[in-house]
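Try each task before reading its solution.

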Amino acid sequence: MMLYDAGKIIAGLVIFAAFFTVPFWYGGGKTSEMPKLELTAQARQAGQCVEPKERMRQDHMQLLDDWRDAAVRDGNRTYTSSTGKSYTVSLQNTCMDCHSNKDKFCDRCHGYMGVSQLYCWDCHLDPTEEKTVWASTDGNS
Amino acid sequence: MLEKALRGNRGYWMWIALLMGIIGVGFLFYLQQLRDGLTITGMGRDVSWGFYVAQFTYLVGVAASAVMLVMPYYLHDYKKFGKIVILGEFLAVSAVSMCVLFIFVDLGQPFRVMNVVLHPTLNSVMFWDMIVLSGYFVLNIIIGWATLGAERKGVQPADWVKPLIYLSIPWAVSIHTVTAFLYAGLPGRHLWLTAILAARFLASAFASGPALLIILCLIVRRVTRFDPGKEAIQTLAKIVTYAMITNVFFLLLEFFTAFYSGIPGHKHSLQYLFFGLDGYGKLVPFMWTFVFLAAVGIALLLVPKWRRQENLLAVAAVAVVVSTWIDKGMGLVVGGFIPNPFEQVVEYGPTGPELSITLGVWAIGFLILTILYKVAVGVKEETAA
Amino acid sequence: MGFDRREFIKIAGISALAGLGSRAAFELLQPGELEATSASYAANQGALNAKRWAMVIDMQKCLPQEGCKDCMHRCHRLHNVPDFGNAKDEIKWIWKEAFAHAFPEQESEYLAERLHHEPFVVLCNHCANPPCVRVCPTKATFKRKQDGIVTMDMHRCIGCRFCMAACPYGSRSFNWRDPRGRNAQGEPFLEEINREYPTRNKGVVEKCNFCVERLAQGKNPACVEACRHGALVFGDLADDHSEVREILREHYTIRRKPELGTDPSVFYIV
């Protein structure tokens with residue numbers, strides 16, 4: 001078997017392999033520990049979110065999308081869950097009322113999963129955040 | 001064929017480096033715009049589209065004008081255009097790329113741009129503009145590449161190319177018509193609310209595009225061994241002549257309707273642009289530059305003796321390119337917003353960052369154009385040898 | 001058998017397309033879509049409903065209250081509308097405009113001078129035939145089927161500003177900069193925050209939404225509630241017995257630029 005330009009091809013393959021495995025080199029082979037879910041006292045007392053825990057864990061993003069469209073586009077702001085209870089459809093006023101610990105409840109896990117680019121909080125207000133905190137992050141000043 | 005763009009002389013690489021430099025500066029300012037928002041431009045709540053959208057509108061015309069080569073060559077078998085039709089198609093590719101980029105840099109939320117596809121909205125002209133522009137881009141790159149590849153091998157282009165070429169003719173008209181419809185269907189913007197806007201756009205396009213192509217042909221002849229052909233350039237010049245006259249004629253029609261009817265709304269934008277309104281007249285010198293250059297361009301083009309001198313022809317082509325840019329780009333887009341819905345004049349001028357980003361996009365366009373032309377000319381030189 | 005590369009790619013491509021169209025692939029790409037849930041959405045009980053919300057602005061009651069800006073302050077505070085301190089970047093939901101500017105086609109040298117320079121309250125007209133909705137390429141701006149309110153889905157807006165070009169009333173504002181920012185003196189653009197309503201981010205358009213969030217709670221729009229002089233009346237234009245229809249029967253009213261065919265839902269008693 002002949003391999004034309006063997007030098008170039010092999011060098012290219014080596015560079016490709018090195019580039020492709022960067023995340024492993026970068027992490028140094030270590031794994032980071034999965035963050036533990038921390039609930040506020042209010043959430044613990046409620047015992048259950050708007051839907052059962054497993055469903056929320058797996059589908060909360062889908063539910064939030066549905067909530068967004070229901071409230072904003074259809075004007076349907078009452079959610080009757082599969083458990084029979086009714087809730088006001090609002091991220092800021094319903095979800096965050098219980099889960100008022102955004103940094104622990106949302107951010108840590110999103111960071112761990114690498115989905116920290118969400119833009120929810122560009123507009124929605126995070127109950128733990130002081131106004132002065134986000135006001136100082138502006139690039140204009 | 002792309003490998004031809006990787007070999008060039010010193011001048012070629014210096015030109016590429018210069019373009020890359022301008023692109024780099026533009027990109028840095030774009031990062032600033034991403035961070036701080038569009039407040040760094042001169043646009044505001046009254047003039048909410050500015051320099052970016054002006055370039056977009058102008059360049060859609062440049063893109064559409066490829067049809068002025070495609071139609072004579074493929075439909076009427078005008079052989080003289082055989083050598084340069086590829087230059088027209090590749091100019092269209094580069095122009096459409098710039099159009100897309102100018103819309104992109106104009107967006108407040110550029111990362112959500114795919115929403116246009118995710119939530120297709122048939123009643124929005126902007127949706128259709130996206131369809132026709134992306135379609136036109138694909139058509140021209142495929143046609144250009146396929147015909148050039150065939151030329152290199154010394155064979156006829158594949159059979160499937162012909163229907164695409166015929167399709168590209170009405171498609172070219174469609175891109176500029178739809179772009180005119182972005183403006184011409186908006187109630188309350190009197191300068192734009194005119195049935196002949198699409199016709200004006202096309203006339204202006206068929207003047208500006210071929211004029212730009214004349215300049216490019218003259219440059220190509222100077223820096224390469226490929227000669228686009230004197231007669232082809234002269235035919236282009238004639239196309240520019242009559243398109244430019246039609247363009248100016250259409251503009252005069254607008255003046256007649258506005259000023260003979262005397263309807264204030266119809267007059268105000270034209271008054272602002274050409275004479276100033278309520279003491280504001282930032283664009284007046286530009287609009288009279290347009291008038292002057294249009295007159296010079298038409299005069300030089302209309303007299304055969306002058307048109308045949310390629311030095312004068314180059315001057316005329318530059319005059320047409322610049323004047324149509326002022327008229328259809330800057331004047332039309334900015335003028336449409338003045339006066340505002342409250343009949344107040346709020347003026348607009350681009351800022352430094354805005355100009356840098358604009359230049360950066362133009363540089364990307366010229367980079368694409370340079371690479372495509374390098375390939376095309378490389379193939380031409382190779383087959384001629 | 002001739003089974004060349006070209007043939008192989010063709011078959012592979014067609015199989016991939018067929019695969020993508022299948023139910024399983026659909027499920028894979030859109031999890032949960034095909035799954036039936038027993039949960040449901042409904043409008044709030046006690047919400048204010050109408051077929052077509054409209055407003056009558058009684059300028060005879062408004063004009064004597066010189067300098068009053070109650071409606072504007074309440075609206076802008078409740079909706080977290082920032083104050084950038086310059087006209088170019090300004091965001092407005094409800095504001096005042098001189099009669100000659102709000103109704104430019106009515107302008108006349110000899111118009112009652114009382115009117116000419118008098119400030120008129122202006123806001124989004126919630127047109128029955130809104131050009132802004134027509135041009136939006138993502139349906140970020142839409143007209144609610146149930147009550148005719150023209151409102152926005154801020155999540156979807158790409159910031160193309162086509163709607164600003166289309167609106168003949170100047171009722172749309174773009175966030176040229178981050179409303180959560182601060183000016184050069186370090187003062188925040190939003191002095192007070194209503195924590196029950198979101199802010200916007202930079203790069204989206206916004207406008208008056210006739211307080212859809214308050215109507216859902218059974219409350220009148222903020223501006224209507226804030227007006228101590230009863231100059232703003234809100235009601236159902238489709239209902240013969242509504243207060244707005246009552247007023248429209250009794251008074252001569254005008255609308256802004258009706259000749260453009262937008263069919264505005266805001267009426268003025270002059």
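**Exercise 1: a sheet in chain C**

Thr253(C) has Ile269(C), in strand 11 of chain C, as its bridge partner. This is a predicted model, in which local features need pLDDT of at least 70 and side-chain atom pairs count only at pLDDT 80 or more, while totals for chains, interfaces and linings use all residues. Residues are numbered from 1 along each chain as its sequence is written, chains are lettered from A and ligands numbered from 1 in the order in which they are written, and side-chain values use heavy atoms, with hydrogens and water left out.

Task: Starting from this bridge, find in which sense strand 10 and strand 11 of chain C pair, and in what order the strands of the sheet lie.

Solution. Step 1: strand 10 and strand 11 (residues 266–269) of chain C are antiparallel, with two bridges between them. Strands here are DSSP runs (E, at least two residues), helices are runs of H or I with at least four, and both are numbered from the N terminus; two strands pair if DSSP finds at least two bridges between them.
Step 1: the open sheet in chain C has four strands, ordered 9-2-11-10, with mixed pairing.
Step 2: strand 9 (232–236) and strand 10 (253–254) of chain C are the edges, each pairing on one side only.

**Exercise 2: the largest cavity**

Task: Find how much space lies in the largest cavity, and which residues are closest to its centre.

Solution. Step 1: the whole structure holds nine cavities of 30 Å³ or more. A cavity is a set of points, on a 1 Å grid over the protein atoms alone, where a 1.4 Å probe fits but cannot get out; lining residues have an atom within 4 Å of a point. Grid points are joined across faces, edges and corners, and the volume is the space filled by probe spheres set on them.
Step 1: the largest cavity contains about 120 Å³ of space.
Step 2: its lining has 15 residues, and Cys62(C), Cys68(C), Cys71(C), Val121(C) and Cys227(C) are the closest to its centre.
Step 3: helix 4 of chain C gives the largest share of this lining, three residues.

**Exercise 3: backbone angles**

Task: What is phi of Arg161(C), and what kind of peptide bond joins Ile338(B) and Pro339(B)?

Solution. Step 1: most residues other than glycine have a negative phi, and most peptide bonds are trans.
Step 1: Arg161(C) has a positive phi, near 70°, and sits in the loop between strand 6 (150–152) and helix 8 (162–166) of chain C.
Step 2: the bond between Ile338(B) and Pro339(B) is cis, with omega about 0°. Pro339(B) lies in the loop between helix 13 (310–336) and helix 14 (352–384) of chain B.

Key: 1 Å grid on protein atoms, 1.4 Å probe; cavity = no way out; pocket = protein on both sides within 12 Å on 5 of 7 lines; lining within 4 Å.
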